[in-house]
Amino acid sequence: MTSAVLPVLLLPLLLVLAACAPPGGLSAPAGGVYAPGPSGDPDVDGLIVGHRLMAAGEAELALAAYGRAAAARGLDVDTLSAMGSANLRLGRLGQAERLLRRAVARDAGFAPAWNNLGVVLMETGRPAEAAESFRRAFGLVDGGDDMVRDNLRRALAKRDDAFYAEPRETEEFQLVRRGASEFAVLTAL
């Protein structure tokens, strides 16, 4: 067969395949498992993409997706809470706290934001505030979330330990150099 005949034979096959394609052309099914289209695609919800990225352990990419969602739908309680949670996962506690406080100010009935704010407060050494935040989240979920209940229990125990702890004798320590760059901590006598 000559090379000029081959395109002529393939043309009817290509026309048949094109006729079988869906009206929008060949694309991923809606809500399918494929990656989303370009960021300007109005069908892609940045929150859903961000939640999937967070579940996959990609907090930095999730934060970018949440930012796109905020640009598309505004800074509502969902986007503020999601961005705060991503910052929490990245260890950016100051940014996480600011975003989560804005989220609960916008909607005081959003339990995930209260819970995550409590986590930030625990991480920054404020167990009394954290206990209050967890208490609000616990009330909003009617006690039906084991994670919130455990967080509240830990925060209350840590808060109460700080209030009722017996004074402890403090030991004096001495820092001793061992070698060029090693140090040891010894109890002073």
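Analyst: Reading along the sequence, the pattern is α-α-α-α-α-α-α-α-β-β, which comes to eight helices and two strands in the chain. Keep in mind that this is a predicted model. Of the 189 residues in the chain, 26% are buried. If you take the contacts between residues at least 6 apart in sequence, 38% of them link residues at least 24 apart.

The part I'd zoom in on is helix H5, which covers residues 93–106, along with its packing partner H4, residues 77–89. Two packed helices are described by the angle between their axes and by how far apart those axes are. For H4 and H5, the angle is about 160 degrees and the axes sit 8 Å apart. An angle over 145 degrees counts as roughly antiparallel, so that is the label for H4 against H5. The two helices cross in a left-handed way.

Now for who meets whom. H4 brings Val77, Leu80, Ser81, Met83, Gly84, Ser85, Asn87 and Leu88, and H5 answers with Leu93, Gln95, Ala96, Leu99, Leu100, Arg102, Ala103 and Arg106. Sorted by class, this contact has nine nonpolar, five polar and two charged residues.

Setting aside residues up to four places away in sequence, Ala96 touches Gly84, Asn87, Leu88 and Val120.

With a relative accessible area of 15%, Glu97 falls under the 20% cut-off, so it counts as buried. What does its side chain pair up with? It makes a polar contact with the side chain of Arg126, at 2.7 Å. Beyond its neighbours within four places in sequence, Glu97 is in contact with Leu117, Val120, Leu121 and Arg126. Val120 shows up for Glu97 and for Ala96.

H4 has another partner, helix H2, which spans residues 46–55. Here the angle is about 20 degrees and the axes are 11 Å apart. Angles under 35 degrees count as roughly parallel, so H2 gets that description relative to H4. H2 passes H4 in a left-handed crossing. On the H2 side you have Leu47, His51 and Met54; on the H4 side, Asp78, Thr79, Ala82, Ser85, Ala86 and Arg89. By class, that contact holds four nonpolar, three polar and two charged residues.

Most residues other than glycine have a negative phi. Asp142 has a phi near 55 degrees, a positive value in a non-glycine residue. Asp142 sits in the loop between helix H7 (127–140) and helix H8 (146–164). Is Asp142 buried or exposed? At 71% relative accessibility, it counts as exposed.

Note on methods
Residues are numbered from 1 along each chain as its sequence is written. This is a predicted model: local features need pLDDT of at least 70, side-chain atom pairs count only at pLDDT 80 or more; totals for chains, interfaces and linings use all residues. Side-chain values use heavy atoms; hydrogens and water are left out. Helices (H or I, at least four residues) and strands (E, at least two) are DSSP runs, numbered from the N terminus. Buried means under 20% relative accessible area, exposed over 50%, partly exposed in between (1.4 Å probe, protein chains only). A polar contact is a pair of N or O atoms within 3.5 Å; within protein, one must be able to donate a hydrogen and the other to accept it, and residues adjacent in sequence count only if both atoms are side-chain atoms. Contact means heavy atoms within 4.5 Å. Axes are lines fitted to C-alpha atoms, for helices over the stretch in contact, and angles run from 0 to 180 degrees between N-to-C directions. Angles under 35 degrees count as roughly parallel, over 145 as roughly antiparallel, 65 to 115 as roughly perpendicular and the rest as oblique. A crossing is left-handed if the near helix is turned anticlockwise from the far one by less than a right angle, and right-handed if clockwise. Ala, Val, Leu, Ile, Met, Phe, Trp, Tyr, Cys and Pro count as nonpolar, Asp, Glu, Lys and Arg as charged, and the others, Gly among them, as polar.
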